[in-house]
Amino acid sequence: MVFMPGLGGDPAAMALNAGLYSQIPLGGAGGQPVQNDEALASIPGAEMVKRLLDQYGIDSSMLITVGMLLTIFNSFTGLYTFFLSMVYQAMNFFAAYFLSKAHIRSNDESFDYVMEYLSRNEISTDSRLFHVSTQQDTIPRKHKAMFYDGATFKGINRPDSEYVQADEYGPKLKFIPASAKKHYFFFERTLFIIERTIEHTPTHNNNGGARADDETVDIWTVGRNPVALRRFLSHCRVLFMKQQQYKTVLHTCDTYDMRWSASQTRPIRSLDSVVMTFKDKNRLLTDIAEYLSPKTKAWYQEQGLPYRRGYLFYGLPGTGKTSLTTAIAGAFNLKLFILSLGSQNLHDNYVQELFMSLPPRAIVLLEDVDSANVDRDYGYGMNHDEDIDSEDDEEVDKALNRGQNTRRPSNVSLSGLLNAIDGVGSAEGRVLIMTTNRRESLDGALIRPGRVDMEIEFGRANHEVLEQIFIQLYSGKKQNVSSLALEAEKKKTEKEIAEEATHKQEIEELAKEFAAMVPEGTFTPAEVQNFLLPRKRDPRLAIKELREWLDIQLDTLKKSEEKEKRKRTKFLQRRQKWLKQRKQLKMPAFGDSDDESEDYGNRKKRRSKDFLEGITEEDEENKKEEGEDAEKENGDDKTEAKEGTISEGKEAAVPEIKTEAADDSKSKKSEEGDWSDVETSRPASRPTEPSS
Ligand SMILES: Nc1ncnc2c1ncn2[C@@H]1O[C@H](COP(=O)(O)OP(=O)(O)OP(=O)(O)O)[C@@H](O)[C@H]1O
């Protein structure tokens, strides 16, 4: 770069400089007076300008004066720029040889370490340039900062952010050091310079994903030895880890670049808060503890086996599958990575990359694996109703159940998922937990031993579970582990401890009474909690109002069960008829001969359509009957709504369809107390309690 005083790219000044001043003496002692006219004459076009100025009565010698002023001005700005660039070069030289620098991007966890330090340090509050925010901790952690309680910042940004983020008026103000500006601070008597830079990125991409801007942080310290910088970063890490020890960090898939990103931190959920039978919980936790022990890891390595463990949690919605997974993550201090295969942006290659980028000690939760298009028999996007042609009762049940699934199939194939789970590049040391509401629709390959090492069924509550739910809710025991809760626990007096013991005993007795009143295998834990929560301050009131609630719920259940039964009977009749007609017409079964000019998929569709629409007069009658039934049910519903007994819009979402024989065996089991296996033909969700 060349800096010329008076140039600086200004064409007029350049012309004057090159053409005029090189020839004109600017006057001086003993010199000839400047011949402006002559000088101007040597500039092309100047004569014309002079004439024009003369015409308006303006002195043309002004041109010379203006030109001179411009030149002087340009000389100064040029000098200034030159000086600045020299300073910059000197700084760069100094930075390159006398400073140590760390560069951190926001997609790395170390970014959070530094932000944690910034949020607690005085520099957040002393900075004259800062951002103000009222957002809570559920937003990306990079925006975390100090909280201001109206008087002081000190001592209020404690690890238990639930205590500091809001007061009775709402969220508190947070102050964040501004980006694009250097902030100076001392750590262990060493000067540090820190600068946050926001990189503006497109907010949407081809995946249909969106994300916030990326951010980087540069940290400098004086000296060629980076030890001080490393010490500072280690300090930030410890600070962050301490803050996180009562939190579970949830990572989800960033839909922008299909990578894991830490999306939320939550207070650790205690294992006690997830109610299930002791036998199952014990079996599961022992297995995970054993798997995570260093000895087991060494054993796997010795044996040359891939160090992985998989679990399948299956059962009705609202039975605690997700809750237990989060509690396990907290209890074993594992990071939790949640992936929903139902996401339309997700494809095979992304799933594989996501599995490969998992850290060694982590839980990956694959939610609703049944929603994925991972069924080998059906392939991408095929409607399961099309299997209606099968003569096998079980197959038809399967097809029917699957037909109820209105979710869009995912773009992840079975082979893609299997490769991700146990492909060569898949991370070792991880715990895979798959959850599903419909185990029967999963492909055997997905849940074979090696991929799924233990299955746990989550069912409706039996007496043991009912009792525990009641105790959990009324015992006053804090379920979220936090330092403040632990501190409070330690400070209890003897009197308080004695009172607590009496209260506990009372609650246990009430819990027994409560559990005895609720029929086993009838309600999910979420449904029971739903009843208890509005009465959480008064256990006796809960017992008093239980009978009325049960009557409403059981009545609703009965109705929906009857409805399902009618539906099924009709379906079976129609199917029977279809099979009979097919025999009479000597129609070939699928894949036999049929019209070869029509492709397989179309043939399947046509047959299902014929079947589903009904092909005889008898069918029409059936339809009429169905209409009458529907009218009757609507009428019933209206009456109930009028009476205010049932809330709307909670009708059966996924009816479970079982044969009569199966139902009988289940109810027998129920009577015997084998609650976990109880599966009736009624809908998964039911009307909730009306708000009083
Ligand atoms: N066994 C349980 N113990 C304690 N709480 C439970 C239990 N089951 C359900 N809940 C409560 O019900 C709610 C829903 O639970 P959760 O999301 O864990 O169910 P899920 O089985 O994962 O449901 P889905 O299949 O729809 O994902 C949560 O608020 C949870 O606290």
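Colleague: Which residue in β9 stands opposite Thr-197?
Modeller: This is a predicted model. Strand β8 covers residues 190-199, and strand β9 covers residues 214-222. The residue in β9 opposite Thr-197 is Thr-216.

Colleague: How many bridges join strand β8 to strand β9?
Modeller: The two strands run antiparallel. One of the pairs is Phe-192, with Thr-221 as its bridge partner in β9. The number of bridges joining β8 to β9 is 8.

Colleague: And how many bridges pair β1 with β9?
Modeller: This pairing is also antiparallel. Here Ile-104 stands opposite Val-217 in β9. The number of bridges between β1 and β9 is 7.

Colleague: What is the order of the strands in the open sheet?
Modeller: The sheet has 4 strands, with antiparallel pairing. Strand β9 pairs with β1, and β9 is also joined to β8.

Colleague: Are α12 and α14 roughly parallel or roughly antiparallel?
Modeller: Helix α12 (residues 348-356) and helix α14 (residues 414-422) pack with their axes 8 Å apart. The angle is about 10 degrees. Angles under 35 degrees count as roughly parallel, so α12 and α14 are roughly parallel.

Colleague: How many residues of the contact of α12 with α14 are nonpolar?
Modeller: Asp-348, Val-351, Gln-352 and Phe-355 in α12 meet residues of α14, including Leu-417 and Ile-421. The contact also holds 3 polar residues and 1 charged. The nonpolar count is 5.

Colleague: Which domains each give at least three residues to the shell around the ligand?
Modeller: Among the 15 residues around the ligand, Pro-317, Gly-320, Thr-322, Ser-323 and Ala-526 come nearest. Helices α11 (321-331) and α18 (525-532) each supply at least two residues of the shell. The domains are domain 3 (259-374 + 410-458) and domain 4 (465-584 + 616-677).

Colleague: How many residues of that shell are charged?
Modeller: The shell has 7 nonpolar and 7 polar residues. The charged count is 1.

How values were computed:
Residues numbered from 1 in each chain as written. Predicted model: local features only at pLDDT ≥ 70, side-chain atom pairs only at ≥ 80, totals over all residues. Pairing = 2+ DSSP bridges. Near = placed C-beta within 6 Å. Nonpolar A, V, L, I, M, F, W, Y, C, P; charged D, E, K, R; others polar. Domains from an automatic or database assignment. Axes fitted to C-alpha atoms, helices over the stretch in contact; angles between N-to-C directions. Parallel < 35°, antiparallel > 145°, perpendicular 65-115°, else oblique. Contact = placed C-beta atoms within 7 Å.
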